[in-house]
Amino acid sequence: MSSTREPATDLSGLVARVVAGDEAAARDMVERLWPQIIRIVRRHLPRRSSEEDLAQEVFMKVFARLGQWRDEMPLEHWVSRVAVNTCLDALRWDKRRPELRWADLSETEAEVLDNVLHDESDREAGDAMASRELAHKLLQTLKPADRLVLTMMDMEGRSVADVQRATGWSATLVKVRAFRARRKLRKAFEVLEKSPGRAQLN
Amino acid sequence: MKTNDAPWNKLAQAAARAPEREIGESPMGFATRVIANWKSQGTESLWKTLDSFTWRGLAVAAVILAGSVALGYDALSGFIAGDTSLPEDMVQSISNLIP
């Protein structure tokens, strides 16, 4: 087995070396893909899962299938698809999708929710971190594919074409899933508003 | 409460403004772990291939055996019952093999 130490500049060459079993090239590949993969994993991480374990699973799949990659498609897009589908599989394993109630929210999350439900002005919803936590909690009540599509489109601002490329779904399927997921979120907001904790606050 | 997607849109816009956690280099030892697993997975997959070939071979052998029994059922049942079309000396020599 070779263990060359020169920096890999040519991506196709690097891939070929990894496929041939070159450990140094594999190490270069891990360092090169780490930021992209960990970003995707963090956005779609299931509850109670370790981001490092899931990232490792993604890398294992990337290495196992690297021989199938053809350079007509940018490597980043191909890796993104593997990562997104691995995250989707991980989300599917997490069968429990608890209904969110007002009492489950922190004080700042409750304030943000109150703001988005009742403030008609264009004022910002409030604390960005609390908004993100609340959005994640709401997304966890959805089915994995619905959660994925709304995370990509509404939280990351990705287009239908981007979601298509990352998942392999058709444009119609992406649009239908997004439409249904938003409808389910409307119901989740209604449930939250009627939940007992909310009644006590008023 | 509004009946459209406004609450979700407003929340998603606010959430998108939250700063992302910094992404540095991979954690210490991460690349080593990935590479070690990748290498061991290669060996495991070789064993898995051999394992599946063995089971397939056994399955094919079982099908051939069942087919042979089905096709030669008359001769076999006749042989067991002592009523066989096999030549006498052949029957005798097979009988001698059985203690």
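The legends below describe close-up views of a predicted model. Residues are numbered from 1 along each chain as its sequence is written, while chains are lettered from A and ligands numbered from 1 in the order in which they are written. In this predicted model, local features need pLDDT of at least 70 and side-chain atom pairs count only at pLDDT 80 or more, whereas totals for chains, interfaces and linings use all residues.

**View 1. The helices of chain A.** Chain A holds 10 helices and 0 strands; helices (H or I, at least four residues) and strands (E, at least two) are DSSP runs, numbered from the N terminus. Read from the N terminus on, the elements follow the order α-α-α-α-α-α-α-α-α-α. Of the 202 residues in chain A, 34% are buried. A residue is called buried if 20 or more other C-beta atoms lie within 10 Å of its own, exposed if 12 or fewer, and partly exposed in between, with C-beta atoms placed from the backbone. Among contacts in chain A between residues at least 6 apart in sequence, 58% join residues at least 24 apart. Two residues are in contact if their C-beta atoms, placed from the backbone, lie within 7 Å.

**View 2. The side of chain A that touches chain B.** Here 37 residues of chain A are in contact with 25 residues of chain B. The elements of chain A that give two or more residues to this side are α2 (23-43), α3 (51-65), α5 (107-118), α6 (128-139), α7 (144-155) and α9 (171-194). The most is given by α2(A), with 10 residues. By class, this side of chain A has 20 nonpolar, 4 polar and 13 charged residues. Ala, Val, Leu, Ile, Met, Phe, Trp, Tyr, Cys and Pro count as nonpolar, Asp, Glu, Lys and Arg as charged, and the others, Gly among them, as polar.

**View 3. The crossing of α1(A) and α2(A).** The axes of helix α1 (residues 11-19) of chain A and α2(A) come within 8 Å and cross at roughly 125°. Axes are lines fitted to C-alpha atoms, for helices over the stretch in contact, and angles run from 0 to 180 degrees between N-to-C directions. The two helices α1(A) and α2(A) are therefore oblique to each other. Angles under 35 degrees count as roughly parallel, over 145 as roughly antiparallel, 65 to 115 as roughly perpendicular and the rest as oblique. Leu14(A), Arg17(A) and Val18(A) in α1(A) meet Ala25(A), Ala26(A), Asp28(A) and Met29(A) in α2(A). This contact has 5 nonpolar, no polar and 2 charged residues.

**View 4. The crossing of α5(A) and α6(A).** The axes of α5(A) and α6(A) come within 9 Å and cross at roughly 85°, which makes α5(A) roughly perpendicular to α6(A). Thr108(A), Glu109(A), Val112(A) and Leu113(A) in α5(A) meet Ala130(A), Ser131(A), Glu133(A) and Leu134(A) in α6(A). By class, the contact of α5(A) with α6(A) has 4 nonpolar, 2 polar and 2 charged residues.

**View 5. Leu139(A) and its surroundings.** Leu139(A) belongs to helix α6 of chain A. Leu139(A) is buried because 24 other C-beta atoms lie within 10 Å. Not counting residues up to four places away in sequence, Leu139(A) touches Arg147(A), Leu150(A) and Thr151(A).

**View 6. The buried residues of α8(A).** In helix α8 (residues 160-167) of chain A, Val163(A), Ala166(A) and Thr167(A) are buried. The buried residues of α8(A) pack against α4 (75-93), α7 and α9 of chain A. Just after α8(A), Gly168(A) takes a positive phi of about 85°.
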